[in-house]
Amino acid sequence: MNNNKDYYEVLGLEKTADKKAIKNAFRKLALKYHPDRNKAPEAEEKFKEIAKAYAVLSDDKKRQEYDAGGFAGVKDYSNEDLFKDINLGDLFGGMGGDFGLNNGFGGSIFDRFFRHAPSGPAKGNDLQMQVLVPLERIYFGGEELIHFKRPVTCSKCRGSGAAPNTAPKTCASCGGSGKKVISRQQNQQQGAVSFQQIITCPDCHGQGKIIEKPCKNCYGKGQIEKEESLKIKIPAGADEGMSLRVANHGLPSPQSGGQPGHLYIRINTLPDKRFERIGKDLWRKEIIEVEDAVLGTHIVVPTFEKKIDVKIPAGTQPDTVLRLKDQGLPAYNENIKGDIKIRIQVHIPEKLSVKQKELFEQLKKLGRKN
């Protein structure tokens, strides 16, 4: 892999490409070369090259420095500097889940592909949860309060499970391995045959240690369940299925002294009586009477900032779609908006009065004469 390949060339772009083109090119190539999808030997290196190109070109300052000085212009940026403000999971919305948030998309892309294996205790697993957000919050952006429960390291024993001023002892029965080997011999016609069976140590139950005095706060588990409340910032125009990362709010480390994982919050839109969300467009159904479809009328359509008077032209047909341009949701991280699309349905009366029936019969006769 040529490490000095031009970043525009990596993404297949001209130097005049705007942010939307850069984002779309990255998404397309990242889905193609992500190692969880593409098993070719060179896929991971190609993916890393694509990610680096995006990290530079999607940031105005870094892009200016790269345009001015090439690779020398951005040589002082470490990989961590390049990716610290980028949550690549946001670019994929619901597609991030196809790979798993811990497998490359989302904040952990840096950990997986660019960070060397950490020393010290293992990091805890990441935690995922969903939050349902009203359309107004998606439109304007803002804070959302979430409540959740998660296990955390016991503060009294610091995860050891042993009472303060004591420590777990290595299990003498298994030597700390958590397993025991049972040997048996079975006589066969041509001699004895030895068998070995590996079982979970019955004395320490596979833990490799014995806690003689359990911590009274966690009952020897090393963890307690904690209720938490967090205010998270929902960005205006957040895509359906977008994931936000809250660092160090995942599951605790399985080893004493290790860092917890991260919390990934998946954003989904609450059902709304007024609109159905499809991307950044909002769809609404309006039912009008037959006479209004024939003669034309006006309806009032709500938006998030005002009510709009909409003219229904004479002769409007069932399932006609009217568009209110730029009245939909903002696109995430882009200065554009979707539309409100109104699907017109015509109400056909099921029962008519005598007078109504007479009038429709007259209309029918007039239609035949014309």
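Student: How many helices and strands does the chain have?

Tutor: In this predicted model, the chain holds nine helices and 15 strands.

Student: What share of the residues counts as buried?

Tutor: Burial is judged by relative accessible area, with under 20% as the cut-off. Of the 370 residues in the chain, 38% count as buried. The chain exposes about 22,900 Å², and carbon and sulfur atoms supply 47% of that area.

Student: And contacts between residues at least 6 apart in sequence: what percentage join residues at least 24 apart?

Tutor: Contact here means heavy atoms within 4.5 Å. Among the contacts you describe, 64% join residues at least 24 apart.

Student: Let's turn to a helix. Which residues of α4 are buried?

Tutor: Helix α4 covers residues 60-69, and its buried residues are Lys-62, Arg-63 and Tyr-66. Looking down the axis of α4, you find these buried residues within an arc of 100°, so they line one face of the helix.

Student: Which exposed residues sit on the face of α4 turned away from the buried side?

Tutor: That face carries Gln-64 and Ala-68, both exposed.

Student: What do the buried residues of α4 pack against?

Tutor: They pack against four helices that you can pick out in the view: α1 (7-11), α2 (19-33), α3 (43-57) and α5 (79-83).

Student: How should I read the two ends of α4?

Tutor: Take the start, then the residue just after the helix. At the start of α4, Asp-59 has a side-chain oxygen that comes within 3.1 Å of the backbone nitrogen of Lys-61. Just after α4 comes Gly-70, with a positive phi of about 65°.

Student: Which residues have a positive phi although they are not glycine?

Tutor: Asn-165 is one of them, with a phi of about 70°. Tyr-219 is another, with a phi of about 60°.

Student: Where are Asn-165 and Tyr-219 placed, and are they buried or exposed?

Tutor: Exposed means over 50% relative accessible area. Asn-165 is in the loop between β2 (142-153) and β3 (169-170), and its relative accessible area of 85% makes it exposed. Tyr-219 is in the loop between β6 (209-210) and β7 (223-234). Tyr-219 is exposed too, at 69%.

Student: Ser-160 lies in the loop between β2 and β3. Is Ser-160 buried or exposed?

Tutor: At 17% relative accessibility, Ser-160 counts as buried. Its surroundings are worth a look. Leaving aside neighbours within four places in sequence, Ser-160 is in contact with Pro-168, Lys-209 and Ile-211.

Student: Which backbone atoms lie 3.1 Å and 3.2 Å from a polar atom of the Ser-160 side chain?

Tutor: The backbone oxygen of Cys-157 lies at 3.1 Å, and the backbone nitrogen of Ala-162 lies at 3.2 Å.

Student: In what sense do β11 and β15 pair?

Tutor: Strand β11 (residues 281-289) and strand β15 (residues 340-347) pair in the parallel sense, over eight bridges. To find your place along them, note that Lys-285 stands opposite Arg-343 in β15. Ile-287 likewise stands opposite Gln-345 in β15.

Student: How many bridges join β14 to β15?

Tutor: Four bridges join β14 to β15, and these strands run antiparallel. Here Arg-323 stands opposite Lys-341 in β15.

Student: What is the order in the open sheet of three strands?

Tutor: The order is β1-β9-β8, with mixed pairing. The edge strands are β1 (127-133) and β8 (243-246), each of which pairs on one side only. From one strand to the next, the twist averages 30°.

Student: Which residue in β9 is the bridge partner of Ser-243?

Tutor: The partner is Arg-266. The strands β8 and β9 (residues 263-269) run antiparallel and are joined by four bridges.

Definitions and conventions. Residues numbered from 1 in each chain as written. Predicted model: local features only at pLDDT ≥ 70, side-chain atom pairs only at ≥ 80, totals over all residues. Heavy atoms only, no water. Buried < 20%, exposed > 50% of the residue type's maximum accessible area, 1.4 Å probe, protein only. Areas by Shrake-Rupley, 256 points an atom, 1.4 Å probe, with all protein chains shown as cover. Pairing = 2+ DSSP bridges. Arc of directions from axis to C-beta. Polar contact = N/O pair within 3.5 Å; in protein donor to acceptor, adjacent residues only side chain to side chain. Axes fitted to C-alpha atoms, helices over the stretch in contact; angles between N-to-C directions.
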